[in-house]
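Please look through the sequence and the structure shown below before reading on. The report that follows takes up a few of the features one by one.

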Amino acid sequence: MSTTTWAWLVLLFPLLGTLVNGLGYKQLGRGGAGAIGTASIGLAFVCALGALFSLQGHSAEHRELTSSLWDYAVTNGDVDAKLSILVDPLSVYMMLVVTGISTLIHLYSVSYMRGDRGYARYFAYLNFFVFSMLVLVLGGNFLMLIVGWAFVGAASYLLISYWYRRGTATQAGIKAFVINVVGDVGLVLGTFFVLRHSGTLDFLGTFRAVHGGAFAGHHGALVAGCLLILVGAFAKSAQIPLHTWLPDAMEGPTPVSSLIHAATMVTAGVYLIARLHPLFEAAPAAADTAAVIGCVTLLIAGTIALTQTDIKRVIAYSTMSQIGYMIMAVGAGGYVAGLFHLMTHAFFKALLFMAAGSIIGAMAGAQSLDKMSGFRRSMPFTFGCFVVGGLALSGVPPFSGFFSKDEILAFVGHRGGWFVALYVVGYIGAFLTAVYTWRMIFRAFWGEPCAEARELEGGHLAHAEVPTNPANGEQEDTDVGFPGPEHTIAEWALPMKVAMSLLAVGATVAGLVQIPNVDHVITNFLEPTFADSKYVHDEAGNGMVYFGMALGTVLALAGIALAHRIWVAQPGSAAAWRARFKPAYTLFVNKWFFDEAIDLLVVRPFAAFGTFSRRTFERVVVEGTLVDGTTSVVRAGSSAVRAIQTGFLRYYAALLLLGGAGVLLYFLISAS
Amino acid sequence: MNALVTAAAHAKAPHIDYAGLSPFIALTAGAILTLLIGLARGRWVRHATPLLAIVTLGAAIGLGIWQFGEATSLVSGALLADDLTWTLLFAFAGAGIGATLLAWRSHAAQEASPGEFFSLLLFSVLGMAILVAATNLVTLFLGFELLSIPLYVLCATELRRERSLESGLKYLIVGSVGSATLVYGLALIYGATGSTDYAGIDKAIASGAGVGGDVLLLSGVGLTLVGLAFKASVAPFHQWTPDVYEGAPTPVTAFMAVATKAAALGVLLRLFDSALIGSQHDWAPMLAALAAITIVVGNVGALGQTSLKRMLAYSGVAQAGYLLAGVIVGSQLGAKATVFYLVVYLAMNLAAFAVVVARERANPADGDDLAGFAGLGRTQPSLAWPLTIAMLALAGIPATAGFIGKVFLIDALVDGDYAWLAIVLVIGSMISLGYYLRVVATMWMREAPTATTTGVPVIAGGSQEADAAARPQPEVLLVAWLAAAATIVLGIVPQPLFDLAADAGRALTGIF
């Protein structure tokens, strides 16, 4: 089978899964939906492996394969809208990450969502998400990219609002959707800017046009296009200032947070910049913007994560922060480093979310760190997974996060100039990462066991008398599920255990494929995609690399030590710290007031403008004149038309002749 | 004597291109055969004649496909058998097949004797084919009358229904005025250019001998325009449309709505974009004004209608305005867009009329009353879906062919510097949502009336079993679903039809 056939199959299986689960939800029953959902993604993963081996069979210069299934609208020189895919190392890499992680998360969901009423609906959505994400990463032109981009936004909305009786969940879904649509608009407009001068929607054709100087003399258009595309990337990847939807998106089921809002969808922005690197290299201003925004995001999100108490939100801010690293990397030109971190992050972040889901199960749905403590003995497996994920996230060697984060920072430092500032901030962020990660671990697992943990030690899973929404304490509507009245923990469910173990292995060893001066598996693999990049041969010197590794290790351990000191060695000292850094704490715990700022700067002015317009413009002009006026004009016209429709033949003939006379008169006048 | 023999030997018999003529011959032969079979006695005639009509139309399509791609001049320049002719012939024959299926078990065909009914239908299709193939003013008029006269009769085929007779008579009288105007116009054009041949007219206009701006020619163009606009029900010559559509038997209405319109637009395209293209700057603004009036009048008139057939009549008026857009710009793009939209229009309307036919069969009293469609989505989804698709497509909702067709028309208008008309078109579409969506809403969002539709109490002879048995006939459903499916498929995969339309457009060699 050819490489592209494998890739088409990768798309086919999740689509089939969506259709079967979506249409047959009544017939399938519980086991069926989960099995079909998981198996379809598993098959997609197998086909992705097939594509990988098939691709490696080609020589390095011929590893960019396109295949078009159908020409939607192709005209000479204007539009070439095709249903086409591009199979190259980058898309295969993304395909493997997406299908691999998705398979495990589907497996996890089989147990985790067991108590939920909308089981088949859940798997239909989840399969649809994977399909959309694969369209996004496999699409061979801007059109497919936009389609995939919008589809994942829709899938994300559906899954965030999955428990649709929760007011908070539907609000979060709407917020996510609106912000993502802002991004979609940016992406589409950016595409127009690019298309206008490149004359093609095809990626490879666009890159050829860029290298061939299609934008010579139109540099402004290229920069504007790239900046607009960045708006799309920022919205999807939750970068400042379009990040506020991601923490709220934690309203979705935990496996969803794990898959969509940590491992895959939110990294789409990183993929986008890497995919379009020829454009961004031709427009350095846009690339620099990406690097700076990524850096700002990683710092701000890190500080917010320090103060949050909802365990999922801590991980969500951590995700933002880590994606900040990736965006900074690809913005600076370190595509391989960014994508490497994308993969390792997918492993350890998905693992952390799964472990968090397990704790939430043990807490009977509660998510606040204030209530959790001492789960170390009662949940040894979850604890182990959390520690592995935490070590990888903090960048402790030899866990995966260590190598990937180090590679990013070494590359950024190597760029020199003002990038040194980003380099420094990156290390500050690394320190913060260690602190907030271990703050979470120490608070949840150390200390006196809480009531739920004690109950679990007695072999019994805690049950809430009245299930409540952890966000606002409202009583849940158990008819449509919510995390299910029956909770599950990893210790008691084999599928969850298998999924988490595999991810834990990945989080531990995935970094070993790319050790400076030892091996370069990912660099070599992705080489054909980035061969035309001007940074392809940029590599940090040995001194910088080893210094960075040492510094990273020291900062990670220091961060863990600090967290240990505050939350384990001297319990209660957190309050003193809070009092000492009151202004900073207020800033961080209120998430730097971004929601309030957006409310003040965007929502309120628009709302005020809207109210004002409704009172004046709409009431007078629209309702009074346009609507009433138009409808009465149309109504009058309608009755006038019907009035001359008398049914009397002589009038018809007369009107015909009258009209004829009118036409004739026009011609006579125009002739003279 | 000797001289006579030599003369006879020298006189060449006219060359007849039987291959090029074959679709016309097939239609003629089929029509006559249908008429003859109709004379036979026995119940089998009821089914044999429509079957024969379908076979004839199918044969015409097949022969057209065989001849596709060649441009041959037939009967010493009277007809031109090119891709435009064949593409439109496919449309006419398709509409004919649809109408035949709808009429198969109708009152109209039985009352008027099926042989006559279907034979007239075939003659009308033949007239349409000749009309659009004509490259001579005389042939044009011949085709025009061959199209019209069978239709006058067909409208009146429900002999026992007063409305049907009225509709036939009205159509005949108003149609005669239209024909008279047309023939007067054609005569003036001949007088101005000295030729009845399209090529000759084109040459005379292009020669620059002052013919282009000649009063005589322009008067002729104006009158011809009126005559053809009448057939295409372009406002203000549309008056007959709602009355005739409402009164005529519904299968005939369906045929008139799609095929007649396609023929009128086809001949407008052929005449104005080839013979009269030289004076385009004279007639285009007039035609654009007519198109704008048509769009407004059609859409506004449709708003208050309660009868679905009348509403579709007005909607047809509006759609004729959209279709004119492609003629006005006089470009390849415009011709393509018009042909594309014609085919799409055919599918959309056939679906809608098929549903009306099915409803009328179940409820003869007021089957096309919009109120009767309430709750159809729940009671008869097999009818509600095609009508929904047709309405959405007519309104131009994306993912239907109606959307793509309008996009092409707007593209052609903007390309041809008639952006203002494109805006009128869009505004017209906006207004049209008001009545198309009303139908959809009635079907899906209103409760079905609880009383039995017959209005006869159970005790008085009505029975629910009998009502339930009044299921739509399979051939009517087939038409509805095929047309609806075509509407959707062409909306998602427009390329094949667009290629066909492009071939048809290329047949008009005078425009670019």
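## Where two helices of chain B meet

In this predicted model, helix 7 of chain B contributes Leu137(B), Leu140(B), Phe141(B), Phe144(B), Glu145(B), Ser148(B), Leu151(B), Tyr152(B), Val153(B) and Cys155(B) to a contact with helix 8 of chain B, where the partners are Ser164(B), Ser167(B), Gly168(B), Tyr171(B), Leu172(B), Gly175(B), Ser179(B), Leu182(B), Val183(B), Leu186(B), Ile189(B) and Tyr190(B). Sorted by class, this contact of helix 7 with helix 8 of chain B holds 15 nonpolar, six polar and one charged residues.

Two packed helices are described by the angle between their axes and by the distance between those axes. Helix 7 of chain B covers residues 137-155, and its axis comes within 9 Å of the axis of helix 8 of chain B, which it crosses at roughly 175°. Because angles over 145 degrees count as roughly antiparallel, helix 7 and helix 8 of chain B are therefore described as roughly antiparallel to each other.

## A second pair in chain B

Helix 3 (residues 44-67) and helix 4 (residues 83-103) of chain B pack with their axes 9 Å apart and at an angle of about 165°, which makes helix 3 of chain B roughly antiparallel to helix 4 of chain B. The crossing of helix 3 of chain B past helix 4 of chain B is left-handed.

On the side of helix 3 of chain B, the contact is made by residues including Pro50(B), Ile54(B), Leu57(B) and Gln67(B), and on the side of helix 4 of chain B by residues including Trp86(B), Phe90(B) and Thr100(B). By class, this contact of helix 3 with helix 4 of chain B has 11 nonpolar, four polar and no charged residues.

## Chain B as a whole

Chain B has 22 helices and two strands, and buried residues make up 60% of its 512 residues. Of the contacts in chain B between residues at least 6 apart in sequence, 79% join residues that are at least 24 apart.

## Chain B against chain A

How many residues of chain B are in contact with chain A? There are 32, and they touch 23 residues of chain A. Two or more residues on this side of chain B come from each of helix 8 (162-193), helix 10 (215-231), helix 11 (240-247) and helix 13 (280-303) of chain B, and helix 10 of chain B gives the most, with nine residues. By class, the side of chain B that touches chain A has 19 nonpolar, nine polar and four charged residues.

## A helix of chain A

Helix 6 of chain A, residues 167-198, has 32 residues and reaches 46 Å from its first C-alpha to its last, close to the 46 Å expected at 1.5 Å a residue. Helix 6 of chain A is followed by Gly199(A), whose phi is positive, near 75°.

Notes. Residues numbered from 1 in each chain as written. Chains lettered and ligands numbered in written order. Predicted model: local features only at pLDDT ≥ 70, side-chain atom pairs only at ≥ 80, totals over all residues. Helix = DSSP H or I, 4+ residues; strand = E, 2+ residues; numbered from the N terminus. Buried ≥ 20, exposed ≤ 12 C-beta atoms within 10 Å, placed from the backbone. Contact = placed C-beta atoms within 7 Å. Nonpolar A, V, L, I, M, F, W, Y, C, P; charged D, E, K, R; others polar. Expected span 1.5 Å × (residues − 1). Axes fitted to C-alpha atoms, helices over the stretch in contact; angles between N-to-C directions. Parallel < 35°, antiparallel > 145°, perpendicular 65-115°, else oblique. Left-handed = near helix turned anticlockwise from the far one by under 90°.
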